[in-house]
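Thanks for asking me to look this one over. Here are my notes, in the order in which I would go through the model with you.

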Amino acid sequence: MNTDSTHIAVLFVDIVGSTRLYRELGNRRAEALVSAALARALATAQRFGGTHVKSIGDAIMCVFDDAGAVARASMEMQSASANPPLEGDPTTLALKVGFAAGEVVQRDADYFGDAVNIAARLADMAKAGQILTTEQTSIALPGDLRRIARMFDHTPVKGVMESIAVTQLVWDQRSHTEVFSPGHVVGALSLRLHYADQERRLSPADLPFLIGRNEVCDLVVGAAFASRQHVRVEYRRGKFVLVDESTNGTYVAHGEGEAEMAYLRNEPFALIGSGRFWLGSLPADQHSEPVRFEVD
């Protein structure tokens with residue numbers, strides 16, 4: 001058995017909705033469409049220097065020597081998916097793509113390691129038309145590709161100690177606010193927090209961000225009923241999310257009014273537009289000063 005360690009980029013490409021396709025079109029026609037779509041994706045990967053490792057159901061795995069090459073191949077695959085893969089059949093098949101670069105172990109004709117597990121996880125969490133990679137991989141991309149990378153989410157990966165920062169390649173440049181895949185738009189890019197005389201302006205790269213009474217928090221508050229580590233700000237799927245980790249909970253109000261207020265306790269809450277949140281007590285408490293937020 002031959003085993004070697006090497007640094008490569010790993011790509012997974014998956015067909016979206018293949019189960020429904022087989023049910024609606026029948027096995028023979030669906031199989032022909034899926035095979036043609038995967039063959040087209042594989043041909044694109046090979047044109048950019050990729051090597052086919054294996055096919056897994058309605059997905060393929062390829063490896064590349066260069067992260068830039070796999071990114072460009074992914075973009076061309078997504079662009080081509082707007083056209084039918086099979087001549088004479090008007091049906092189009094959407095793709096979801098994930099890739100990651102890192103150290104892997106090559107054993108005979110297969111590859112194993114964190115980069116493989118992460119790339120597979122990214123392809124699984126992607127939506128139709130999306131290309132997901134890791135923040136670490138996107139930093140290594142050429143400048144023109146780095147400019148179209150946007151922070152997207154954080155996700156756990158089985159076997160990997162820390163949560164992975166996920167970025168999305170905005171491959172369709174029609175507009176950075178236009179819907180370019182079903183159910184998804186490019187997300188918020190900035191969050192401003194104001195508390196007493198403190199102000200913080202955060203980007204997705206600055207997260208997670210801790211707020212509480214403990215001196216080790218990124219924003220230290222003096223609220224009497226706040227926990228030592230009260231809330232955490234994360235970035236999930238294009239949104240800034242407030243995650244309560246406290247004993248007494250958090251009260252959140254959008255806008256300037258307090259008529260519609262959400263109460264959180266050990267749960268997440270997406271911050272949209274502008275508003276305020278109170279740590280551990282209601283706004284009516286004279287000792288309760290809010291943290292104001294603005295999402296851009």
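Predicted model: local features only at pLDDT ≥ 70, side-chain atom pairs only at ≥ 80, totals over all residues.

1. Let us begin with the helix pair H1 and H2, which span residues 18-25 and residues 27-47. Their axes lie 7 Å apart, and the packing angle is about 140°. H1 is therefore oblique to H2, since the roughly antiparallel class takes angles over 145 degrees. The handedness of this crossing is right-handed.

2. Which residues make the contact between H1 and H2? From H1 come Leu 21, Tyr 22 and Leu 25, and they meet Asn 27, Arg 29, Ala 30, Glu 31, Leu 33 and Val 34 of H2. Sorted by class, the contact holds six nonpolar residues, one polar residue and two charged ones.

3. H2 also packs against H3, with axes that come within 9 Å and cross at roughly 150°. This angle makes H2 roughly antiparallel to H3. Here, too, the crossing is right-handed. The class count for H2 with H3 is five nonpolar, one polar and three charged residues.

4. H3 is also involved in a salt bridge. Over the whole structure, 12 salt bridges are found. One of them joins the side chains of Arg 72 and Asp 144, with 3.0 Å from N to O. Arg 72 sits in H3 (residues 67-80) and Asp 144 in helix H6 (residues 143-146), so the pair links distant parts of the chain, 72 residues apart.

5. Now to the sheets. An open sheet of six strands runs in the order E10-E9-E19-E18-E15-E16, and its pairing is antiparallel. E10 and E16 are the edge strands, each with pairing on one side only. On average, neighbouring strands in this sheet are turned by 20° against each other, with direction ignored. Inside the sheet, E9 and E19 (residues 291-295) are joined by four bridges in the antiparallel sense. His 194 has Arg 292 in E19 as its bridge partner.

6. A further open sheet has five strands in the order E12-E11-E13-E14-E17, this time with mixed pairing. Its edges are E12 (219-220) and E17 (268-271), and each of these pairs on one side only. E14 (residues 239-244) pairs with E17 over four bridges, in the antiparallel sense. Leu 242 stands opposite Phe 269 of E17.

7. Some backbone geometry deserves a look in your viewer. Where is the cis proline, Pro 208? Pro 208 lies in the loop between E10 (198-202) and E11 (209-212). The peptide bond leading from Leu 207 to Pro 208 is cis, and its omega is near 5°.

8. Lastly, two residues other than glycine with positive phi. Ala 196 has phi near 50° and is placed in the loop between E9 (191-195) and E10. For Asn 266 the phi value is near 55°, and its place is the loop between E16 (261-264) and E17.

Terms used:
Residues numbered from 1 in each chain as written. Heavy atoms only, no water. Axes fitted to C-alpha atoms, helices over the stretch in contact; angles between N-to-C directions. Parallel < 35°, antiparallel > 145°, perpendicular 65-115°, else oblique. Left-handed = near helix turned anticlockwise from the far one by under 90°. Contact = heavy atoms within 4.5 Å. Nonpolar A, V, L, I, M, F, W, Y, C, P; charged D, E, K, R; others polar. Pairing = 2+ DSSP bridges. Salt bridge = Lys/Arg side-chain N within 4 Å of Asp/Glu carboxyl O.
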